[in-house]
Amino acid sequence: MTRDGKIGIGIIGFGGIAQAAHAPGYRKVADQCEIVAVADIDPTRLEEAKSEKWGITQTFEDYKDLLALPEIDAVSVCTPNFVHLQPTLDAFAAGKHVLCEKPMAMNSDEAKQMIAAGEKAGKQLQIGYNLRFGSGPQSLKRAVAAGQFGEIYHARAQAIRRRGVPSWGVFTQKDKQGGGPLIDIGVHITDMTLWLMGHPKPIAASGTAVTKFGTKEGVLGQMGQWDPKIYTVEDFATAYVRFDNGATYSLESSFIANIAKEEFSTHLFGTGAGAYLNASTNQVTLYREEFGTLTDTTPGWLPSVPSSHGEEVKLFVKAVKEGLEVASLGAASGEQALMVTQIMDAIYKSSELGREVTIE
Ligand SMILES: NC(=O)c1ccc[n+]([C@@H]2O[C@H](COP(=O)([O-])OP(=O)(O)OC[C@H]3O[C@@H](n4cnc5c(N)ncnc54)[C@H](O)[C@@H]3O)[C@@H](O)[C@H]2O)c1
């Protein structure tokens, strides 16, 4: 707690997502929390933290110095994927709650270690799957809760970009990132879809992950130009997943593909209704057969959600302040994010082996 009785926050990794989502998110609930300190191995980022924009005076190159501050109750882990595990374990060992960016970890072994450490410490672990909090997904979730879909027996999701390789950070390096579009954006749409489906347990997956463009010189980059010489991740993946309740899920994810445009969407196939949800535009359509008519229902108005990231951070602060489980507030828990990680592991393994693999 800070001297004002607010939740003390530390941010580990003060790059893109920390400055675009976490710091603004905490600032929006500044009556309940205060960003006490920031840690980043890059001194430029620490200068940015100290700048007039953020005015965060305590900055550290070693995140362990941040974790030693007693007034910090909770941390955001906003480092690259290969630096999610250790800061999370160290934060729990220091008695802090953790909001860790997505994907949860490089693989499910790491994810399980993170969950176990959180349980041992008795602290909350939330994962930064923010798509759920958009106005479209929230509207669809309310329709699911109202029983409109009957049995949801299939979902079909896409997180596909035409020329959208993140050119900054380490997004193209398999050893630091764990993979390409699948683990970067496929995880987002998968979390949102599993959440809408009610988190059935994944039991098997088959898929392929291929690199057709990323290592070539001269491919256009709508998100900046990456270095093809150090591109070691897939640029397209496709997968088919089975769940213990008989439901299935298909996914396509790309950084680069010859397609019309970017699409972040999911289709739900239910016995009572189907739906299309575009997570970028919050377009929602329900498909039903009713009174002898095939109907397509779209919202006339949706309650506004100014920022799905802001909602994610707000709920984390609420969970910490009120001692609530993050899942009870609708946020992504470690266990829910582990399911996504297990699916991604299985897809990569299936791609290597050329066959369906079981998820234990
Ligand atoms: N939820 C979303 O929509 C979303 C969007 C973008 C990124 N992300 C996730 O956020 C994470 C970071 O991505 P980014 O785009 O902000 O990357 P980034 O490269 O802009 O920022 C990462 C920061 O972490 C710092 N860092 C690296 N190792 C460190 C260490 N040991 N200690 C302290 N700081 C360290 C880097 O110096 C850098 O400033 C990734 O896991 C990514 O998947 C999530």
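Q: Which residues in α4 meet Glu110, Gln113, Met114, Ala117, Gly118 and Ala121 in α5?
A: The model is predicted: local features need pLDDT of at least 70, side-chain atom pairs count only at pLDDT 80 or more, and totals for chains, interfaces and linings use all residues. Residues are numbered from 1 along each chain as its sequence is written, and side-chain values use heavy atoms, without hydrogens and water. With contact taken as heavy atoms within 4.5 Å, the α4 residues that meet this α5 set are Leu85, Thr88, Leu89 and Phe92.

Q: At what angle do α4 and α5 pack?
A: Helices (H or I, at least four residues) and strands (E, at least two) are DSSP runs, numbered from the N terminus. Axes are lines fitted to C-alpha atoms, for helices over the stretch in contact, and angles run from 0 to 180 degrees between N-to-C directions. The axes of α4 (residues 85-93) and α5 (residues 108-121) are 9 Å apart, and the helices pack at about 10°.

Q: Is α4 roughly parallel or roughly antiparallel to α5?
A: Angles under 35 degrees count as roughly parallel, over 145 as roughly antiparallel, 65 to 115 as roughly perpendicular and the rest as oblique. The packing angle is about 10°. Therefore α4 and α5 are roughly parallel.

Q: Which residue stands opposite Val357 in β15?
A: Strand β8 (residues 202-210) runs antiparallel to β15, joined by 2 bridges. Opposite Val357 stands Ala205.

Terms used:
Two strands pair if DSSP finds at least two bridges between them.
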